[in-house]
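Here are a few friendly notes to go with the model. Please keep the structure open while you read them.

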Amino acid sequence: MKYPANQMEFEDMFKTEQNCVDYLFSIRWPYGFECPVCCSIRYWKKNKGRFECSDCHAETTITNGTIFHKSTKPLLVWFRAIWWMIAQKNGVSAKGLQKILGLGSYQTAWSWLHKFRRLMVLSGRTKLQGAVEVDEVLVGGKKSGKRGRGAEGKSLIAVAIEVKGRKTGRVRLTKIPDASSESLNKFIEDNIEKTSTILTDGWPSYSNLSKMGYVHKIQKTAVKHEDEEALPNVHRIASLLKRWLLGTHQSYLNKNKLEYYLDEYVFRYNRRTSTSRGLLFLRLIEQAVITDPVSYEKIINQNHGC
Ligand SMILES: [Zn+2]
């Protein structure tokens, strides 16, 4: 599938609304149109991205059932918003998006960014493998908390990161309710390939990993209470994450949206060395056509994974 290599190509590829419609068509119906009602492949092309089935005469729009569902804004604006979001290395604010696209309402910009975050867990992504550091970290809140019991105003995040010699590979972050073995085992099984080597500290909740089919290595520290030394990569990513949350999403703790910010962070981190902005754009558009529509009300009220 073709994608723009740079800003110039982006502007060249998407000059008109029809350009965007044709692009979505090639991604949504790569083998040609198929009527969602009767599965016929015969159709009439109408304007504004509408298609009429030649057999049952049902009309369908290219954006039907996608993340762009029933939007009054042109696809041109949507495409530019996605392109811009990807271009910003350190994340984006709704105010910034509103300004750059000249959107009338802050709420629109805010809800669009949340829609885009829902595209950032790519379907078919593979689990982490090899040597993987795992730990839990607390983010947010003012007081420091005790492990396993949580702390007021803080959220507990499970962190897993591939270690490749002196470099790091991919990362996964998930908000977990507590540091019990139940929560941590689930996080590990969901995110790490069996037979991988898991590096943790001596926290008892990790004691079942060998039985679960992993190679488990407990990292001991030379200095007591200094687990930064035992799991340096987890702690580096945790401090980067905290700084990013504070810098870009100051209000992240108030809105039950932390998990979505984690998804965005993971998407950005795992593609930090990607030189192709266009490929990331294509990946998000591909996700957009298979992701169910979500309303503004739902974005406000819904928690992650519901
Ligand atoms: Zn039909």
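This is a predicted model: local features need pLDDT of at least 70, side-chain atom pairs count only at pLDDT 80 or more; totals for chains, interfaces and linings use all residues.

1. Numbering starts from 1 along each chain as its sequence is written, and side-chain values use heavy atoms, without hydrogens and water.

2. The zinc ion has the SG atoms of Cys 35, Cys 38, Cys 53 and Cys 56 as its protein donors, 2.3 Å away (donors are N, O and S atoms within 2.8 Å of the metal, or 3.2 Å for Na, K and Ca; water is not among the atoms, so sites may look incomplete). Their spacing in sequence is C-x2-C-x14-C-x2-C.

3. Angles between the four donor atoms run from 103 to 113°, so the arrangement is tetrahedral (four donors with all angles between 85 and 135 degrees).

4. Turning to the rings, there are 25 aromatic pairs (Phe, Tyr and Trp rings, the six-membered one for Trp, with centres within 6.5 Å; planes under 30 degrees apart are stacked, over 60 edge-to-face, the rest tilted). Phe 14 and Phe 281 form a tilted pair, because their centres are 5.8 Å apart and their planes meet at 55°.

5. Phe 14 is buried at 3% relative accessibility, and Phe 281 is buried at 0%. Both belong to a cluster linked by ring pairs, whose members include Tyr 23, Trp 78 and Trp 112.

Technical notes: Buried means under 20% relative accessible area, exposed over 50%, partly exposed in between (1.4 Å probe, protein chains only). Four donors count as tetrahedral if all angles lie between 85 and 135 degrees; four count as square planar and six as octahedral if opposite donors are over 155 degrees apart and all others between 65 and 115; anything else is irregular.
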